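Here is a short report for a first look. Keep the sequence and the 3D view side by side while reading.

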Amino acid sequence: MDDLLSEFLTETNESLDVVDVELVKFEQEPNNDEILGNIFRLVHTVKGTCGFLGLPRLEALAHAAETLMGKYRDGMGVTNDGVTIILHSIDRIKEILAELEATEAEPSGVDSDLIDQLVVLSEGGTTTDVPAEAAAAEAPLEVAQPAKEVRPGEVSEEELERAFQEAEGPEDMVVAETPQVEEAAAVAPEPAPVAEAPKAEAKAAEAAPKKEGSVAAQSIRVNVDTLENLMTMVSELVLTRNQLMEMVRRLDDSEFKVPLQRLSNVTGELQGAVMETRMQPIGNAWQKLPRIIRDLSKDLNKKIDLEMVGADTELDRQVLDLIKDPLTHMVRNSADHGLETAEERLASGKSEKGRVTLRAYHEGGHIIIEIEDDGRGLNVERIKQKVASNGLATEAELEKLTEQQICRFIFHPGLSTAAEVTSVSGRGVGMDVVRTNIELIGGSIDLRTAAGKGSTFTIKIPLTLAIVSALIVESAGERFAIPQLAVVELVRAKADSEHRIEHINKTPVLRLRNHLLPLVFMDDLLQLERVVPEVGEQDPGAIVDGDAEEIEAANSNPTPVRRTSENEEAFIVVTHVGDQQFGIVVDSVFDTEEIVVKPAASILRDITMFSGNTILGDGSVIMIVDPNGIAQSIASELSEASDKAHSDAETANGNDGEMSLLVFRAGSGEPKAVPLSLVTRLEEFDVADLEHSNNQSLMQYRGKLMPIINVVESAALKTEGRQPVLVFTEDERSIGLAVDEIVDIVTDHLNVELTSDMPGMMGSAIVRGKATEVLDVGHYLTQVFEDWFRKEGPAGVPEAYGKKVLLVDDSSFFRAIVRPMLSMAGYEVTEVTSGADALALREKGEEFDVIISDIEMPGMTGFELAAAVKGENTWADIPMVALSAHGTAEDLNRGREAGFDDYVAKFDRDGLVQVVNEIVTCKGEAA
Amino acid sequence: MSSSGDSLGMEEKSSGKDDAFVRDGATSEYITVMIGDQLFGISVPMVQDVFMPESVTPVPMAMPEVAGVLNMRGRIVTAIDMRRRLDLPPRDDGKNGLAVGVEYRGESYGLVIDSVGEVLRVSDTSLERNPSNLDPRWRSISMGVQQLKDKLMVLIDVEKVLDFQGRSIAA
């Protein structure tokens, strides 16, 4: 049966029962306004609902009764026969409802007998057929309603039920009921039910096997508190069962085993059943959305289709309530920000109608909800600007972030990307609230977006909040629970095994399937102090004091001896939060347990690392780790690694080709690398030859003084022996970077996997299977020569100075390499990450002297970009240079065809600058 | 006060002995506890039970006053180290303390103290305000001082003990 209908039936039946009682009271106290008001309201509600559900017969009857009562309320004298007629009307309504319940269609028929009388009465007359003295409930019935199915005024529901079952089919009823309209009835009953029948019948057929008796009798309303209570008690039962199981597990042969197994099963079933009472289809939270979308499409003048998939996916009532508002907000957002207007859509070659898709499905112990639109996607540039202007991150920091990470800024408070505040959205509150709400219930939210193709928001939430499956781990002698929802896998790390913990500048990482997984040590994270074995085991009472000492020690000693030593065995819990993936290093892992989440005491709630506590099977209390809290506490760049992991294809295309890298050591034991193309020479000096002036170390080199700085800036240079130096030269300036040891020159794919906050380091990459830091040369150059990038252009091409170059490359690494080269040559470089972004600049009216573009980029390739640039007047005259790793003749021709003026192989450092110089010079002459 | 297996039996003192304190109508009952060398009183209606805090799980990153959490017959109780709360040094006699179970805003707390004495009924009239030279930390959680025959009893205001607001959480 239709949910709406069954809801209506349950509710109306209840209302009518109340009306019955109230009416009788009213008859006794006709001047009691309160009772009358009450009845009026109930009947009014019934009328309204009937109208809404398309039940004309009920509506008409209820309306007539309401009118009469309205009159009474307005002061008309109350007569007994009036009340009687109203009672009859109520009875009739009940009959119709019973019919409705059985057939899911309003029975045909006419209630003019009652309605006429009601109308007469409300017009102030008296009904002739109802004698005034017939105040007794039964008497007037015979007169007013000679029809056989009429019941006395105060029938019980059971009687009605029985009566209905005994009654003949609807057609007979109709005939008997309204002999005066026989002709009409003979025709009417057929078409009327038929119109509604097909749908109803189909549904009825589905529901038929389990449907017995009436809905009203089958479903009862239970106070939510009662259910919550039940749930709490079942949770306790589960705990106690776990405790018993734990105890019996330790006994080899126990007579308790069998009954306990039984108890366990029953408890499990009970838990399931109780959970089920709280489960509701997610569609309940979606009910309002079609209307919202309809209104929006009108307000915004957009054509929008709302598609809802998986509305019957069930989840806990409590969770459902909590996500209702965030969901509504997000759908609004998608329709408002995400979708373009019809004209814009047509212009970009899409169908006129935008689509918002809402999808829900189960996955493991949680439910996934996706809100997808096929609109314009997030505007990364605008988010960047907003982020920078709101001071959430500096531009330098933004440079290092991937698009995905930048997009995630929309979940930060106070960031709205809507250019204008519309009535719908754009007020700068919203997505952060959405995220907060979702995280509150242990869920996570993430988004994917593609410029011009749309965005998808993914919400992952647990099915229920009360009982979760959790992994029990130990660190520094303490046990913690990590919700299974966040755990991806477990890795056992050992010093001499395949998986071992490596360090980059003291930052622990793990190589996992060729990607670097950032690690955090749980004991570090939670500031746990390892108990030195000699101290012996703490006795329970001493823990109280011992804990205090620990904290004191932790405060007084900045580097306490905690942390699992590298040689020891450790377990890494690979955890996934949003788009961040990281490993939590723990000492050992126990099993998975179903735990009942209990909120921690309010004085502990400020600790974001924990989401609550629980009692384990063995009776001890442990804290539940909140993966969201941990994720927040780890630096944001961690997610870079997982971003890359998700976009393997991109890296394969983006960082095309291999390049030569100079691998060296400096400072910590981790190897470092720099693209060989940037290095002019490798030199070795005798430290004794170093000169010092003005706090700088200098070396005479080719008749000039060359500053020497150490790669590890804080460290001093060697005091004796020979010092290897990497020399970087541009025109007549050189600097030397002092390193500890030059290791090798290797040719490898360079994928910068982790960006670094360390000055001078671009990030980390795997080079020849080893985690390696990649040097940011620009950092050192500007350190020595503050004006390095600002100096006048080289003598050969004065034209270069101040000329604007647009650099299009999706790889931040190559942009970082190419930019300094061009800057050194005197150009003003603007960088964008995709062809679409480049074209966006054109829209903005930006002008450039040269465009340098990568060929292989996700989304729009360099060829497509060239075609687009040359295809429209604004930029058609700007020379374009293609940049690619494969310099084949075929590529060259294709590039020329597409509109590139020249073609340079990537890493051809001198070549690129030369080509750009030539182009600029030619253009200068031509102009 | 619930009495159960691990609650310590406490005998209420026969009122004869302390009649001196019951002159006027208004009296209050207090459980006397020792923290360090000082006698404290906790209002009886506040107290749910007295128990041995066993298997206390420390809570990392919590305020130092939080001794940890423990399971008290299926309820999770947050144990507060009263010595820390009063800025007293940790116990050095190696003995285990006891905990006074209280409920505050629907949550269960255990105030870890050194030992429990008796239940006293004393007249409210003999209650003195906190002396002005009392350590502010003590003053902040004391309702006043009861003058007993041979010693002074500081009355603990449980709500204030558990009200950490306005205090640095990071401590």
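## Chain B: contacts and burial

This is a predicted model. Start with the contacts in chain B that have a separation of 6 or more: residues 24 or more positions apart account for 60% of them. Chain B has 171 residues, and 38% of them are buried.

## Chain B: order of elements

Chain B holds eleven strands and three helices. Read from the N terminus, its elements run β-β-β-β-β-α-β-β-β-β-α-β-β-α.

## Chain A: a five-strand sheet

Now turn to chain A. Five of its strands form an open sheet, in the order β2-β4-β5-β7-β6. The pairing is mixed. In general, the strands of a sheet pair through backbone hydrogen bonds, either parallel or antiparallel.

Two strands of chain A sit at the edges: β2 (304–309) and β6 (444–450). Each pairs on one side only. From one strand to the next, the twist averages 15°.

Strand β2(A) pairs with β4(A), residues 354–363, in the parallel sense. Six bridges join this pair. Met308(A) stands opposite Leu358(A), a residue of β4(A).

Which helix lies across β6 and β7 of chain A? Helix α21 of chain A, residues 431–440, does. Helix α21(A) runs at about 135° to β6(A). Strand β7(A) spans residues 454–462.

Methods. Residues numbered from 1 in each chain as written. Chains lettered and ligands numbered in written order. Predicted model: local features only at pLDDT ≥ 70, side-chain atom pairs only at ≥ 80, totals over all residues. Helix = DSSP H or I, 4+ residues; strand = E, 2+ residues; numbered from the N terminus. Buried ≥ 20, exposed ≤ 12 C-beta atoms within 10 Å, placed from the backbone. Contact = placed C-beta atoms within 7 Å. Pairing = 2+ DSSP bridges. Axes fitted to C-alpha atoms, helices over the stretch in contact; angles between N-to-C directions.
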